Amino acid sequence: MFNRYILYILPFFVAILLFGCSSGGYQIEKGNYKDTTYKSTGAKLKGAYKIRSAPSFTLQLDVSGNLGMAELSSNYSNNFDATQFTNGENFGVKSGFGIMVIGKVPLWKKSNMRLNVSSGFNRFQSDLLTSKSPFGRVSYNVMSLGVGIENSFSPELKIKPFLAGEIQANFISGKASIVDQSTSTTRNITIKNSFRIGYMVYSGLEFM
């Protein structure tokens with residue numbers, strides 16, 4: 001019950017943080033003034049200063065390793081357990097990999113708030129990083145599309161930490177092969193395609 005409340009409350013805290021934190025900017029105009037500190041040398045301040053501007057578009061590429069947790073993971077000696085999978089006790093996978101592309105556009109000029117649009121692919125399978133199980137194998141593919149808001153806390157600086165939240169649409173497909181130990185025959189299963197709505201929270205650092 002407590003975990004369910006956390007899932008509902010967490011997005012609200014993220015939204016408050018995203019909209020509540022911002023970074024200011026400044027503009028230097030006509031900087032050609034006498035330097036009062038070095039009057040004896042006749043030095044002057046520069047007439048122009050280079051100020052970094054926030055990028056108008058950012059493309060982010062993420063490559064990740066995935067680890068199945070809870071009911072996603074098989075718990076039989078790190079191998080695929082066909083009995084538990086057939087009985088619906090778990091989904092039978094342990095590891096996976098993923099790739100995601102995120103486009104980021106400032107919501108207004110020099111804004112630290114950005115609109116994020118993402119597309120990703122994740123794959124999980126029972127024998128990716130483990131020995132092949134004599135009981136069979138299972139794999140899933142997850143295609144995702146997302147849209148969300150990001151706070152780039154210092155968009156005009158060289159190092160830009162960010163915190164983002166997205167709503168995601170996930171399209172899930174999969175297949176399994178079950179080996180019957182008594183007859184040594186294999187039963188192939190196509191997992192019914194499904195659609196799920198979820199959310200993702202992520203953070204990191206950008207370096208200009």
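Does F91 count as buried, exposed or partly exposed, and at what relative accessibility?

1. Basis and overall fold. The model is predicted. The protein chain contains two helices and six strands, and along the sequence these follow the pattern α-β-α-β-β-β-β-β.

2. Burial and surface. Of the 208 residues of the protein chain, 34% count as buried. The accessible surface of the protein chain comes to about 13,800 Å², and 61% of that surface belongs to carbon and sulfur atoms. Among contacts between residues at least 6 apart in sequence, 66% join residues at least 24 apart.

3. Strands β2 and β3. These two strands run antiparallel and are joined by twelve bridges; β3 covers residues 113-125. They form a hairpin with six residues between them. In the turn, K110 has a positive phi of about 60 degrees. Within this pairing, V105 stands opposite L115 in β3.

4. Strands β3 and β4. The antiparallel arrangement continues here, with 13 bridges joining β3 to β4. One of the residues concerned is S118, whose bridge partner in β4 is G146.

5. Aromatic pairs. A pair of aromatic rings is described by the distance of the centres and the angle of the planes. The count for this model comes to four aromatic pairs. One of them consists of F91 and Y140: the ring centres are 6.1 Å apart and the planes stand at 80 degrees, so the pair is edge-to-face. The pair links distant parts of the chain, 49 residues apart. F91 lies in the loop between α2 (82-86) and β2 (95-106), and Y140 lies in strand β4 (residues 136-152).

6. Exposure of F91 and Y140. F91 counts as partly exposed because its relative accessibility is 42%. Y140, in contrast, is buried, with a relative accessible area of 8%.

7. The pair F162 and Y202. The centres of these rings are 6.4 Å apart and their planes stand at 75 degrees, so this pair is edge-to-face. F162 lies in strand β5 (residues 159-180) and Y202 in strand β6 (residues 185-207), so the pair ties together parts that are 40 residues apart in sequence. F162 is buried, with a relative accessible area of 6%, and Y202 is buried as well, at 13%.

8. A charge over a ring. Which ring does the charged end of K104 sit over? The ring is that of F162, and the charged end of K104 is 3.8 Å from the ring centre.

Terms used
Residues are numbered from 1 along each chain as its sequence is written. This is a predicted model: local features need pLDDT of at least 70, side-chain atom pairs count only at pLDDT 80 or more; totals for chains, interfaces and linings use all residues. Side-chain values use heavy atoms; hydrogens and water are left out. Rings of Phe, Tyr and Trp (its six-membered ring) pair if their centres lie within 6.5 Å; planes under 30 degrees apart count as stacked, over 60 as edge-to-face and the rest as tilted. Helices (H or I, at least four residues) and strands (E, at least two) are DSSP runs, numbered from the N terminus. Buried means under 20% relative accessible area, exposed over 50%, partly exposed in between (1.4 Å probe, protein chains only). A charge sits over a ring if NZ of Lys or CZ of Arg is within 6 Å of the ring centre and within 35 degrees of the ring normal. Contact means heavy atoms within 4.5 Å. Accessible areas come from the Shrake-Rupley method with a 1.4 Å probe; for residues, only the protein chains shown count as cover. Two strands pair if DSSP finds at least two bridges between them.
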